[in-house]
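Okay, everyone, thanks for coming. Let me put the model up and then walk you through what I looked at.

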Amino acid sequence: MIHHVWGLLHHPDAEWHKISGEHESVSHLYVHHVLVLAVIPVVCALIGTTQIGWTYGGSDTYKVSITDGLALGVAFYALMLMAVGVVGSVVHWLARKLESRPSRRNCIIFAGYIGTPMFLSGVFALYPAFWFCMLGLVIGLLYSAYLLYKGTPSFLGISHKRGFIISTATLCIGVLVLEVLLAVIVLLWSMGSEYSVVWWFFG
């Protein structure tokens, strides 16, 4: 399981070729990679928000109850799984004019592996201080972008020029998807606290 993680982090070029040669299915990707790695940010956020508590600076912390945390964790998990499919569909749509257009299956698999650094950066949620979580997010996003630019030509079987164009467009759309996902996640995780943005808005 998740045997490609080290390769993607240490030698992405060789690992992309290895992944491409396996011709795995979307279900295999989810069972052996996405479903496992997506647990990391969920568990870390659950521990951080229920045991340590959110902090936006200063000494005040706002904890989420265990019951709310579990329910929100399930929603958080489902959103991340959906995000992989959305980004994969975006890559497939962007490649619609290519003569050798990659299949939707390959695009979703590609998106699942690109998200590896983002899943791993979820460990930062163990200490849910705003600045610390943002640091983890930036690190994960930068390395995901690196994997995107490295992997697009080799995994999708297109030229470097085409790969650069598709990578740039995917990164821009992917960042938008990420921002929406993060906004929803912050709202969800804060709903277990009386200081939630949601309660302030409807109060």
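So, Trp-131: buried or exposed? Trp-131 comes out at 56% relative accessibility, and since the cut-off for exposed is over 50%, Trp-131 counts as exposed. Keep in mind that this is a predicted model.

For the whole protein, the count is six aromatic pairs.

Where does that put us along the chain? UniProt, in an unreviewed entry, gives "transmembrane region" at residues 34-54, 74-95, 107-123, 129-149 and 169-191. Take the span 129-149: in the model, 95% of it is helix and 0% strand, and its end C-alpha atoms are 31 Å apart. For residues 34-54, you get 86% helix, again 0% strand, and 26 Å between the end C-alpha atoms.

Zooming out, the protein has ten helices and zero strands. Of its 203 residues, 45% are buried. If you take contacts with a separation of 6 or more, 67% of them are between residues 24 or more positions apart.

Last thing, the surface. The protein exposes about 10,600 Å², and carbon and sulfur atoms supply 72% of that. Okay, that's my bit.

Definitions and conventions: Residues numbered from 1 in each chain as written. Predicted model: local features only at pLDDT ≥ 70, side-chain atom pairs only at ≥ 80, totals over all residues. Heavy atoms only, no water. Helix = DSSP H or I, 4+ residues; strand = E, 2+ residues; numbered from the N terminus. Buried < 20%, exposed > 50% of the residue type's maximum accessible area, 1.4 Å probe, protein only. Contact = heavy atoms within 4.5 Å. Areas by Shrake-Rupley, 256 points an atom, 1.4 Å probe, with all protein chains shown as cover. UniProt positions renumbered as here; feature names shortened; annotations may be inferred. Phe/Tyr/Trp six-rings, centres within 6.5 Å; stacked < 30°, edge-to-face > 60°.
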